[in-house]
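Subject: Structure handover

Hello,

Here is the structure for your files. My notes on it follow below.

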Amino acid sequence: MFSTPPVERAPEAQARVDAACRHLMLYQFPSCPFCQRVNAQIARLALPIEQRDIQREPEARRELAAGGGRTMVPCLRIVHDDGQVTWMYESAEINRYLAQRFGEGAI
Ligand SMILES: N[C@@H](CCC(=O)N[C@@H](CS)C(=O)NCC(=O)O)C(=O)O
């Protein structure tokens, strides 16, 4: 199997991506195939997104249930500039969002 190499950005562009990723958090667990899909996208787009493993971290599972309303993973928590929080479920939607926000030419 070949995997696409991660995108390479100029240092200033990567710094902007790094800063934006500090407002994102992925709730997941490693054996979940939908989470693996999102993690492949995260690797491809070279995104330093912090992760919480809801199988190993009971507190993370509680956070996800309280904030997002479900314990389904993957879920991307997005903190917007105005402080509003979005809990985005569905691997395909998350991958689309990441591609639009961080894909080639987006940042
Ligand atoms: N359609 C969803 C499916 C996600 C899904 O089924 N995740 C499983 C783990 S592999 C899960 O969290 N199941 C528990 C639940 O739905 O509460 C996606 O593409 O993200």
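Helices here are DSSP runs of H or I with at least four residues, numbered from the N terminus. By that count G67 falls in helix α3, which covers residues 58-68. Please keep in mind that this is a predicted model. G67 is partly exposed, its relative accessibility being 35%.

Helix packing

The axes of helix α2 (residues 33-44) and helix α4 (residues 91-102) come within 9 Å of each other and cross at roughly 10°. Angles under 35 degrees count as roughly parallel, so α2 is roughly parallel to α4. On the α2 side the contact is made by F34, R37, V38, Q41 and I42, and on the α4 side by S91, I94, N95, L98 and A99. By type, six of the residues in this contact are nonpolar, three are polar and one is charged.

S91, in helix α4, has a relative accessibility of 7% and therefore counts as buried. Leaving aside residues up to four places away in sequence, S91 touches F34, R37, V38 and P74.

Rings

There is one aromatic pair in the structure. The ring centres of Y27 and W87 are 5.5 Å apart and the planes meet at 45°, so the pair is classed as tilted. Because Y27 belongs to strand β1 (residues 24-28) and W87 to strand β4 (residues 85-89), the pair ties together parts that are 60 residues apart in sequence. Y27 is buried, at 0% relative accessible area.

A charge also sits over a ring: the charged end of R70 is 5.9 Å from the centre of the Y89 ring.

Backbone

Most residues other than glycine have a negative phi, and most peptide bonds are trans. The following entries depart from that.

- The peptide bond between V73 and P74 is cis, with omega about 0°. P74 is in the loop between α3 and β3 (75-79).
- A46, which is not a glycine, has a positive phi near 50°. A46 is in the loop between α2 and β2 (50-53) and is partly exposed, at 24% relative accessible area.
- E90 likewise is not a glycine and has a positive phi, of about 80°. E90 is in the loop between β4 and α4 and is partly exposed, at 45% relative accessible area.

Regards

Technical notes
Residues are numbered from 1 along each chain as its sequence is written. This is a predicted model: local features need pLDDT of at least 70, side-chain atom pairs count only at pLDDT 80 or more; totals for chains, interfaces and linings use all residues. Side-chain values use heavy atoms; hydrogens and water are left out. Rings of Phe, Tyr and Trp (its six-membered ring) pair if their centres lie within 6.5 Å; planes under 30 degrees apart count as stacked, over 60 as edge-to-face and the rest as tilted. Helices (H or I, at least four residues) and strands (E, at least two) are DSSP runs, numbered from the N terminus. Buried means under 20% relative accessible area, exposed over 50%, partly exposed in between (1.4 Å probe, protein chains only). A charge sits over a ring if NZ of Lys or CZ of Arg is within 6 Å of the ring centre and within 35 degrees of the ring normal. Axes are lines fitted to C-alpha atoms, for helices over the stretch in contact, and angles run from 0 to 180 degrees between N-to-C directions. Angles under 35 degrees count as roughly parallel, over 145 as roughly antiparallel, 65 to 115 as roughly perpendicular and the rest as oblique. Contact means heavy atoms within 4.5 Å. Ala, Val, Leu, Ile, Met, Phe, Trp, Tyr, Cys and Pro count as nonpolar, Asp, Glu, Lys and Arg as charged, and the others, Gly among them, as polar.
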